Amino acid sequence: MPTPSVASSASSASSASPASPFTDGADLQDSSGGASAVQQPASPTPADQQPTQPIATLLVVDDEAAVRRVLLMRLQLAGYRVLCAEDGEEALALFHKEQPDLVVLDVMLPKLDGFAVCRRLRAESCVPIIFLSALDAIAERVAGLDLGADDYLPKPFSPKELEARISTILRRMGRGAATSEPRELPTGSGVLRVGDLVVDTNRRQVTREGQRIALTYTEFSLLELLFREPGRVVPRAEILEQLWGYPPRRAADLRVVDVYVARLRGKLEPDPRNPELILTVRGTGYASQRMGEGTLAAAG
């Protein structure tokens, strides 16, 4: 069976964006276009130093050939299997065929934009999604996160920073995040009982009266962080560092936390406007409501 092909990158330099999409002078000529999506690095390491299998499979979706070329090379050298798509329709087709572990998704795409692609993926999968976009407005970032993206990196960006964010998300979530069914994970120590919610930290499932509540991996990680120590105020900066792996560099970074708390409340709270489970500590962060004795029950 033929391997999926990389979106064509044979466009001329004049068709690329006039401003570099990278902040660290990434060499746009380091790799050539027109290769297969599962391409080997140009200068492979000796066989005895290569991993037996890729760290994970990534799907990079961007209509800029220069971005695809650089990310293909950099991420392969980091040990990933990389698939590339240049528009939203191709991205969905590749996703359904290959089931990648994480999607790097540009917002401004032909045929289907990144928001539409994210909406369709979230309807069927909890695969981690990192948005890339030249639209750095807070409203655009919030819109992407509201759709269920796990992170948002404005252009121009550093490929090294993107690598770090990918690594953080995959380390937290583990491989196989594209599947919609929960995986047996060794993390967690049992079952959290939060009011009428049952939170299984081993299977990473939340149920109410036997009905499963669908949470993304990031949403579940946030829930687990807040309810590990009921009543403790968790600063927004701490949540950002623990879940996303980087400290806040500007106020907009903390909006990621606020958006995810709002998403979690919308799924768990009977009345999200008057939350009872996740409380806001103004000017500091968030705290889970103390539910009395028996909040933490050991797994049977």
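How many bridges join strand 8 to strand 9, and in which sense do the two strands run? Three bridges join strand 8 to strand 9, which covers residues 211–213, and the two strands run antiparallel. The model in which this pairing is found is a predicted one, and the paragraphs below lead from the chain as a whole to this region and then to other parts of the fold.

The protein chain has 300 residues, of which 50% are buried, and the chain contains eight helices and 13 strands. Among the contacts with a separation of 6 or more, 63% are between residues 24 or more positions apart. The accessible surface of the chain comes to about 14,000 Å², and carbon and sulfur atoms account for 51% of that surface.

To return to the opening pairing, Thr207 stands opposite Arg212 in strand 9, and the hairpin of strand 8 and strand 9 has two residues between the strands, with Glu209 taking a positive phi near 50°. Strand 8, residues 205–208, also pairs with strand 7, residues 197–200, in the antiparallel sense over four bridges, and within this pairing Leu197 has Arg208 in strand 8 as its bridge partner. Strand 7 and strand 8 likewise form a hairpin, here with four residues between them. Arg204, in the loop between these two strands, has a phi near 55°, a positive value in a residue other than glycine. Most residues other than glycine have a negative phi, and most peptide bonds are trans. Arg204 counts as buried, because its relative accessibility of 13% falls under the 20% limit.

With a relative accessibility of 1%, Val199 counts as buried, and, residues up to four places away in sequence not being counted, it touches Gly190, Val191, Leu192, Val194, Gln205, Val206, Phe220 and Leu223.

Leu223 leads on to helix 6, where Thr218, Glu219, Leu222 and Leu223 meet Tyr260, Val261, Arg263, Leu264, Lys267 and Leu268 in helix 8. The residues of this contact divide into six nonpolar, one polar and three charged. Helix 6 and helix 8, the latter spanning residues 251–268, pack at an angle of about 85° with their axes 10 Å apart, which makes helix 6 roughly perpendicular to helix 8.

Helix 6, residues 217–227, also lies across strand 10, strand 11 and strand 12, running at about 75° to strand 12. These three strands form an open sheet in the order 10-12-11, with antiparallel pairing. Strand 10 (234–235) and strand 11 (278–281) stand at the edges, and because each has a single partner strand, one side of each is left without a neighbour in the sheet. Strand 10 pairs with strand 12, residues 285–288, over two antiparallel bridges, and Pro235 stands opposite Gly285 in strand 12.

Val261 is 17 residues from Ile278 along the chain, and their C-alpha atoms are separated by 8.0 Å. Ile278 is buried, with a relative accessible area of 1%.

Elsewhere in the chain, helix 3, residues 114–122, is mostly covered, with seven of its nine residues buried, and these are Gly114, Phe115, Ala116, Val117, Cys118, Leu121 and Arg122. What covers them includes helix 2 (88–98), strand 3 (102–106), strand 4 (129–133) and helix 4 (138–146).

Two loops deserve a separate look for their backbone geometry. In the loop between helix 2 and strand 3 lies Gln99, whose phi is near 50°, a positive value in a residue other than glycine, and at 36% relative accessibility Gln99 counts as partly exposed. In the loop between strand 5 (151–154) and helix 5 (159–173) is Pro156, and the peptide bond from Lys155 to Pro156 is cis, with omega near -5°.

Conventions:
Residues numbered from 1 in each chain as written. Predicted model: local features only at pLDDT ≥ 70, side-chain atom pairs only at ≥ 80, totals over all residues. Heavy atoms only, no water. Buried < 20%, exposed > 50% of the residue type's maximum accessible area, 1.4 Å probe, protein only. Contact = heavy atoms within 4.5 Å. Areas by Shrake-Rupley, 256 points an atom, 1.4 Å probe, with all protein chains shown as cover. Pairing = 2+ DSSP bridges. Axes fitted to C-alpha atoms, helices over the stretch in contact; angles between N-to-C directions. Parallel < 35°, antiparallel > 145°, perpendicular 65-115°, else oblique. Nonpolar A, V, L, I, M, F, W, Y, C, P; charged D, E, K, R; others polar.
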